[in-house]
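User: Can you take me through this structure? I'd like to start with the ligand site and then move on to the fold.

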Amino acid sequence: MTSSNKSAVDIAHVYRGTFVHSTDHTVVEILEDRLLGVDTEGKIAFIGSGQEVGSLSQKWGFEALAVTQLGQYEFFMPGMVDTHIHASQYSYAGTALDLPLLQWLNTYTFPVEACYKDLAFARNVYTHVVKRTLRNGTTTACYFATIHTDASLLLGQIANDFGQRALVGKVCMDTNNFVPHYRETPDESHDETNRFISEMLKKKYPLVMPVVTPRFALSCSAALLGHLGEIAKNNHLHIQSHISETKEEVKLVKELFPDYDSYTDVYHKHNLLTDKTVMAHGCHLTDEELKLFREKGASVAHCPNSNISLCSGMLDARRVLNHKVKLGLGTDVAGGYSPSMLDAVRRTLDTSKALTIQDPQYQTLTFEEVFRLATLGGSQALSLDEHTGNFQVGKDFDALRVNTAIAGGPIDLINHGEGPKVLFSLLCSPFPFLLSGDDRNIAEVYVAGKRVVPFVETT
Ligand SMILES: Nc1nc2[nH]cnc2c(=O)[nH]1
Ligand SMILES: [Zn+2]
């Protein structure tokens with residue numbers, strides 16, 4: 001930024017205004033009139049008071065005049081983390097939610113996923129899903145692709161090209177009696193997973209990583225689960241799958257794997273339950289299973305839109321938190337009809353309130369807790385919290401510049417005059433955005449310090 005830099009690191013950008021984030025100790029911290037500096041590597045170099053702009057500019061070697069000043073109704077919040085989304089199902093999001101899970105998979109999902117053999121089709125859908133999620137504030141996404149290695153690699157390339165932080169999984173499944181052309185043999189699945197991982201790692205993408213992805217126990221033989229556990233262990237990789245989404249699924253897993261203590265034990269005995277594992281749903285997990293999650297450091301992706309849309313169940317998020325199991329939020333497109341994490345926030349609150357209606361003693365999740373789940377909680381669930389999740393010095397600057405009062409947007413900021421002052425101060429907080437806002441309020445999105453929204457149009 002200037003040649004008179006006095007610190008060891010070079011500062012690329014400095015922002016002044018309100019920053020809202022969660023920490024390990026505070027569910028939501030609203031930091032007013034702060035100055036945040038981002039270095040040339042995209043990391044947060046410092047956070048100080050806006051009043052100290054003079055001394056900070058000398059210490060860090062930036063021009064005070066080059067500071068980007070946020071407007072009165074603007075704030076930065078951490079980018080949101082979608083811990084579970086099927087990129088391949090984006091093509092039919094918002095349709096076909098009239099069947100329970102297993103019939104839904106056989107009738108709609110597997111036939112659609114089979115289309116990703118066609119790379120042109122894959123490129124089109126994957127470009128749309130990466131752009132749509134980024135525009136809606138998802139700076140980190142944990143994606144399921146399909147069984148097709150080349151199309152899954154393409155998803156990684158597209159996420160990298162648009163600057164999204166992503167875990168990308170080539171789906172593994174060797175059992176499928178309904179759509180037999182959409183499955184692999186255990187050897188194919190093993191070999192193609194190895195090819196997927198080595199090709200992806202060869203690319204050296206800074207923000208995109210492979211994740212070992214057994215679809216779920218009903219789609220995988222014990223032999224395949226064993227292969228995948230081995231691959232994840234040998235390469236220290238992330239793992240994602242589904243667990244205990246519906247009661248019918250739990251019952252079938254019990255029948256298929258009678259020698260295991262539980263559904264969780266099936267994954268555990270195949271080395272698939274680690275501190276880099278994220279399991280979607282978990283609506284019907286027992287306390288014993290949650291204890292095993294906690295012991296292994298595995299996490300749950302709460303996907304409330306999908307759970308309600310497919311009538312799968314209602315996750316008791318409070319119980320998961322009480323077990324000290326890491327918890328993030330997921331859209332689970334297309335079981336969930338919305339690709340927006342703002343929707344996941346709202347459906348999480350709705351589910352918690354529905355549980356409260358059933359039991360008035362229930363400890364409803366607060367706004368603040370759900371904000372944390374969508375940001376820091378998600379980064380912890382994906383074991384990426386060293387890099388992202390909040391505005392801690394040393395982490396990457398993954399952020400949304402939110403303008404609550406954007407012209408033509410969905411929120412009207414109305415002063416109540418003599419009405420309760422607290423209401424107006426709440427209107428200027430992140431909460432109207434979380435509940436009533438949409439992508440029009442997200443003026444800019446940053447991942448690792450780079451502005452990725454608005455998109456740079458290339459013609
Ligand atoms: N919601 C959902 N659950 C699954 N369980 C196994 N596969 C899937 C899937 O694609 N979506
Ligand atoms: Zn899913």
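**Ligand site and fold**

Analyst: This is a predicted model. Ligand 1 is surrounded by His86, Leu101, Leu105, Thr109, Arg215, Phe216, His242, Glu245, Ser306, Asp332 and Gly335.

User: Which helix gives the largest share of the shell around ligand 1?

Analyst: Helix H2, residues 101-114, gives the largest share, with three residues.

User: And how many residues of that shell are nonpolar, polar and charged?

Analyst: The shell around ligand 1 has three nonpolar, five polar and three charged residues.

User: Switching to the fold. How many helices and strands does the protein have?

Analyst: The protein has 15 helices and 17 strands. Along the principal axes, its C-alpha atoms fill a box of roughly 65 × 55 × 40 Å.

User: What is the radius of gyration, and what would a compact globule have?

Analyst: The protein has 22 Å, which agrees with the value near 23 Å for a compact globule, because that is what 459 residues would give. Buried residues make up 51% of the 459.

User: Now helices H3 and H4. At what angle do their axes cross?

Analyst: The axes of H3 (residues 119-135) and H4 (residues 149-162) cross at roughly 35 degrees and come within 9 Å. The crossing is right-handed.

User: Which residues meet there?

Analyst: From H3, they include Leu119, Ala122, Tyr126 and Val130, and these H3 residues meet a set in H4 that includes Ala151, Leu154, Ile158 and Phe162. The residues of the H3 contact with H4 divide into 11 nonpolar, one polar and three charged.

Note on methods. Residues numbered from 1 in each chain as written. Chains lettered and ligands numbered in written order. Predicted model: local features only at pLDDT ≥ 70, side-chain atom pairs only at ≥ 80, totals over all residues. Near = placed C-beta within 6 Å. Helix = DSSP H or I, 4+ residues; strand = E, 2+ residues; numbered from the N terminus. Nonpolar A, V, L, I, M, F, W, Y, C, P; charged D, E, K, R; others polar. Rg over C-alpha atoms; globule rule 2.2 N^0.38 Å. Buried ≥ 20, exposed ≤ 12 C-beta atoms within 10 Å, placed from the backbone. Axes fitted to C-alpha atoms, helices over the stretch in contact; angles between N-to-C directions. Left-handed = near helix turned anticlockwise from the far one by under 90°. Contact = placed C-beta atoms within 7 Å.
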